[in-house]
Amino acid sequence: MTSTRLIHTVGTGALEWLHAHRDGFRLEQDVDPEVGFLERFKPVGELAIICKVLFREGVAGSRQAQLARQLLDHAWRDTLDGGRMLVRGHRIEPLSPIPFEVYLPFRELGYSRPEIEQALLLNQRLESFAAYEVPPARRLGLSAFQRRFGLTPRPPESELVGTTWLGRTPEPWTVEGHIAYDVTHTVFHLTDWGERPDGIPDRLAGYLATWLPVWLDDWLDLARWDLLGELLVVDACLPRPTLDERAWEGFAAAQQPDGAMPAVRTMPQGDPEELFDLVYHPTLVAAFASVLATSRALTELVHAPV
């Protein structure tokens, strides 16, 4: 099993980098709505989800917890203008699920904006929202988010699992990058981002237990660090995680001294804003994988036979 210290150190460095570059979580307020005003909201929502996991698992040190709270406060207060930008985004693209996906983790962490809640609740009643066409893994996520928001999922999550790639347990050698990301997010939604490992149906847990080690080897050899990080999260979501030593050592070795994680092979170069856009996601994933795997490793130690 991988060293808990090594796993934890990856997350510590990643959070330090994210905090130092928090101004990168910015919105482009003057962008033409036709080219995607809401696209820059997604990093903010991802940040909130990862910080929620960090607080939930309770394995972060006091400095990590402080940095995570400061990141959240900055994102809510400065990036989202106390939620006002979510209201604006909803008005520009009223059927987009992005404002809903971004708002929920902030709401679960104690932030609120009544105007966006009212707008989202109205939107959820529309047949058009239920009919909004998204890939199966994302539709599963929207239903999971509806449940967490206190709404009746439309459609129920149980009806959606079998529509995903993972739910059909296809030939494992056909996995490629886009499919692998769908697999990881199917697991995230089934387990509420690692909170409920028993949320994965037994047949899918067995399929992943067999084939995930192979996929970890593949993407480690390809130096696809962003995807490898997400697959390490999937491992930590399983009822019996492996905490693959070779994968974790390779992943940790790819991390930069300042905590940044490249997406593929080596660190890119360029304008600081462009660099942030290329690096923030794999670095967030590194923090996510570290927190969840550290928690699972410590649990394994507690329950290990004496």
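**Questions on a predicted helical model**

Modeller: In this predicted model, helix α1 (residues 4-20) holds 17 residues, and its first and last C-alpha atoms are 25 Å apart, close to the 24 Å expected at 1.5 Å a residue.

Biologist: How do you know what span is expected for α1?

Modeller: The expected span is 1.5 Å times one less than the number of residues.

Biologist: Is R296 buried or exposed, and how do you know?

Modeller: Buried means under 20% relative accessible area. R296 has 12%, and is therefore called buried. This residue is found in helix α14 (residues 272-303).

Biologist: What does the side chain of R296 reach, and which residues does R296 touch?

Modeller: A polar atom of the R296 side chain lies 2.4 Å from the backbone oxygen of G194, and the side chain also reaches the backbone oxygen of A236 at 3.0 Å. Leaving aside residues up to four places away in sequence, R296 touches E57, G194, P197, A236 and P241.

Biologist: Why is α2 called roughly parallel to α5?

Modeller: The axes of α2 (residues 42-57) and α5 (residues 98-108) come within 9 Å and cross at roughly 30°. Angles under 35 degrees count as roughly parallel, so α2 is roughly parallel to α5. The contact is made by K42, V44, G45, A48, I49 and K52 of α2 with I98, V102, P105, F106 and E108 of α5. The crossing is left-handed.

Biologist: What is the crossing angle of α10 and α12, and which residues make the contact?

Modeller: Helix α10 (residues 177-190) and helix α12 (residues 225-237) have axes that come within 9 Å and cross at roughly 30°. On the α10 side the contact is made by G177, A180, Y181, T184, H185, V187 and F188, and on the α12 side by D226, L227, E230, L231, V233, V234 and C237. Here α10 passes α12 in a left-handed crossing.

Biologist: What is noted about the phi of A223, and how do you know whether A223 is buried or exposed?

Modeller: A223 has a positive phi of about 55° although it is not a glycine. It lies in the loop between α11 (202-221) and α12. Its relative accessible area is 14%, under the 20% limit, so A223 is buried.

Biologist: What makes L243 count as buried?

Modeller: The relative accessibility of L243 is 1%, which is under 20%, so L243 counts as buried. L243 is placed in the loop between α12 and α13, and has a positive phi of about 50° although it is not a glycine.

Biologist: What is found at the start of α13, and which of its residues are buried?

Modeller: A side-chain oxygen of D244 reaches to within 3.2 Å of the backbone nitrogen of R246. In α13 (residues 245-254), the buried residues are A247, W248, G250, F251, A252 and A254.

Methods:
Residues numbered from 1 in each chain as written. Predicted model: local features only at pLDDT ≥ 70, side-chain atom pairs only at ≥ 80, totals over all residues. Heavy atoms only, no water. Helix = DSSP H or I, 4+ residues; strand = E, 2+ residues; numbered from the N terminus. Buried < 20%, exposed > 50% of the residue type's maximum accessible area, 1.4 Å probe, protein only. Polar contact = N/O pair within 3.5 Å; in protein donor to acceptor, adjacent residues only side chain to side chain. Contact = heavy atoms within 4.5 Å. Axes fitted to C-alpha atoms, helices over the stretch in contact; angles between N-to-C directions. Parallel < 35°, antiparallel > 145°, perpendicular 65-115°, else oblique. Left-handed = near helix turned anticlockwise from the far one by under 90°.
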